[in-house]
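Please examine the sequence and the model before working through each solution.

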Amino acid sequence: MEKKHSGGERPPLSDFNEAQREAVCHREGPCMVLAGPGSGKTAVITGRLEWMIRHFRIRPEEILVITFTKYAVKEMKERFLARMGLKHCPVTFGTFHGIYYGMLRQIYHLAPDQILTEEEQKAMVEAAVRDVERENRKRPKDKDVLLMIGKVKNNGGFSGITDDPEDRQIYHAYEKRKKEAGRIDFDDMLLLCYQLFCRQPQILKKWQERYPYILIDEFQDSSKIQYEIIKLLAGKRANLFVVGDDDQAIYGFRGATPGIMKQFMEDFPQASLVRLSVNYRSSAFIVQASGKVIRKNKFRFSKDLEAVHDRGKPVHVQELKDMEQEAEYVAAAVKKKLEEGVPPEEISVIFRTVQDASMVMSAFMNRGIPFFMKEKAFHLFEHFIAEDMKAYFRIAMGERNRSDFLRVINRPNRYISRSALEKERTDFEDLKLFYCDKEWMLDRIDAFEEDMEAVSRMAPYAAFQFLLKKTGYQEYLKEYSQKMQIEEAELTEIVDELAQSMKKMDTMKEWIEFTQVYTDRIRQMEKEEKFTKGKTALLTMHGAKGLEYRCVYIIEAQEGSIPHRKAIVEEEIEEERRLFYVAMTRAKEELSICYVKEKNGKEVYPSRFVQELFTRPRQEAR
């Protein structure tokens with residue numbers, strides 16, 4: 001007789017396909033589940049937990065479930081409890097850092113205030129950089145030091161991360177300051193846990209007995225040190241059930257190991273391998289198109305995803321002249337979708353970096369489209385170049401604030417001393433009086449004044465071009481990039497975006513007022529709750545991971561943006577292709593991909609990933 005289920009119970013295997021059932025019913029030993037986008041991996045994990053507890057009679061207290069974010073932990077736990085029809089169950093759910101912190105707290109009595117906050121860590125890193133600057137008597141190269149430190153710790157050392165002696169100096173200066181303060185950072189918890197288990201086998205044994213069954217979601221995002229700890233915890237039993245997709249491994253930049261899923265099969269040759277190959281999310285056209293792109297990667301497990309939905313609408317690729325036209329196109333398309341009744345929360349615009357979204361945000365504001373930005377927005381009009389232009393424009397408009405003069409008087413260098421600007425309200429006559437005995441300086445001041453008079457008669461865009469080319473500001477930016485050891489292209493992109501923002505403005509005053517309104521709106525948006533009904537989502541490709549939308553617009557799909565200009569070697573290009581694949585597979589029904597023909601005043605070309613959509617797919621060797 002068939003067992004009857006009550007409450008929240010259901011026949012555990014009734015809603016799974018064959019591959020999903022195989023994963024859910026796996027009994028003992030290691031197992032790796034290759035779960036493509038939309039293949040129901042969360043359902044498999046929660047279904048397996050139910051099967052372990054109700055069918056295998058495993059005590060819930062013996063099960064540890066690890067995923068990567070607090071949000072994912074919350075969602076996984078809620079879905080599991082709903083499936084079980086319970087309000088509480090003693091299965092342990094947590095992030096890597098959360099689980100390891102709990103272990104360290106018990107052993108070392110670690111207190112929350114011993115862990116550096118993000119702001120405290122930034123301040124300590126800046127102090128360490130200054131230490132190295134004093135020691136070497138030169139400024140260290142401009143780089144993301146926090147990211148470098150995190151990658152070294154997640155890798156368990158410098159090997160394969162950096163061979164720059166300066167990086168080692170900064171790392172050790174940071175570690176010294178941290179030790180003197182008696183503090184640890186977020187990633188220290190991983191190293192401390194690993195060292196604890198290696199040096200104290202009796203403590204390791206205690207935790208092995210506590211959690212003989214371990215399940216890991218998004219396994220492809222694991223770092224080397226996280227994986228080493230998990231292997232220690234699993235011990236000889238090796239009851240490791242890992243779920244992930246190597247095609248969605250996109251966190252190499254912060255220490256994740258892209259090849260970790262292949263490494264798992266090498267470390268556990270007896271492991272079962274289950275492929276979830278049915279996509280329940282996207283239309284067949286989207287599944288086929290994204291598959292054509294990702295199959296170009298060489299270092300991956302082969303997969304052939306099938307869609308349960310019909311073909312749907314073909315993937316649309318749109319060529320635009322420039323970023324302004326692209327932003328207007330997307331804003332108009334989204335507005336039309338809203339008028340057709342598509343809820344705003346079912347629409348997303350996805351891009352490579354937050355800076356790519358500036359023009360779209362402006363276009364959305366102009367059309368009254370409600371939106372939120374998942375990541376911290378890029379404040380274009382607070383960039384130093386924008387602030388310089390505002391100061392120049394105010395001077396040209398007749399304002400005589402000392403702060404504006406101080407800001408731009410030597411950008412480019414006019415050799416004018418700060419002491420010449422003592423009055424709060426400064427004028428060119430004051431400068432001439434200060435340098436009355438230096439004719440060559442009077443010539444410079446006259447030239448500056450004449451430039452400002454010329455600018456005063458121009459519209460913002462023309463004024464900007466004049467300042468760049470006639471006054472030497474463009475050359476100043478080039479010298480600045482060399483001095484600060486940053487790519488000139490980074491500043492060129494800012495210049496281009498500022499120029500685009502000025503094109504439709506008639507007066508400098510209008511543009512300055514617009515920049516303030518824009519900045520205020522962005523600041524207000526950052527305070528508002530994200531992922532609420534009635535708002536379209538603006539997401540980076542990294543931020544889009546794990547989400548899905550009826551309509552998706554991928555913007556800035558040209559070479560230099562995706563793949564990013566800094567991606568050079570094959571390994572980096574493959575990660576960029578995975579990023580693009582993640583963006584494509586967020587779409588359920590409609591996917592539009594946009595690229596521009598002109599950027600920074602130069603011709604640009606569609607991303608190679610876009611071009612791959614139009615090539616014949618190659619057959620995969622299994």
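How many salt bridges does the structure hold? The structure holds 62 salt bridges, a salt bridge being a side-chain nitrogen of Lys or Arg within 4 Å of a carboxyl oxygen of Asp or Glu. This is a predicted model, in which local features need pLDDT of at least 70 and side-chain atom pairs count only at pLDDT 80 or more, while totals for chains, interfaces and linings use all residues. Residues are numbered from 1 along each chain as its sequence is written, and side-chain values use heavy atoms, with hydrogens and water left out.

**Exercise 1.** Describe the salt bridge between Lys588 and Glu346.

Step 1. The closest N and O atoms of Lys588 and Glu346 are 3.5 Å apart.

Step 2. Lys588 belongs to strand β14 (residues 587-596), whereas Glu346 sits in the loop between α13 (323-339) and β10 (347-351), 242 residues apart. Helices (H or I, at least four residues) and strands (E, at least two) are DSSP runs, numbered from the N terminus.

Step 3. Lys588 counts as buried because its relative accessibility is 19%; buried means under 20% relative accessible area, exposed over 50%, and partly exposed in between (1.4 Å probe, protein chains only).

**Exercise 2.** Locate the partners of the salt bridge between Glu490 and Arg565.

Step 1. Their closest N and O atoms are 4.0 Å apart.

Step 2. Glu490 lies in helix α21 (residues 488-502) and Arg565 in the loop between β13 (549-554) and α23 (570-584), so the pair ties together parts 75 residues apart in sequence.

Step 3. Glu490 is partly exposed at 28% relative accessibility, and Arg565 is partly exposed at 25%.
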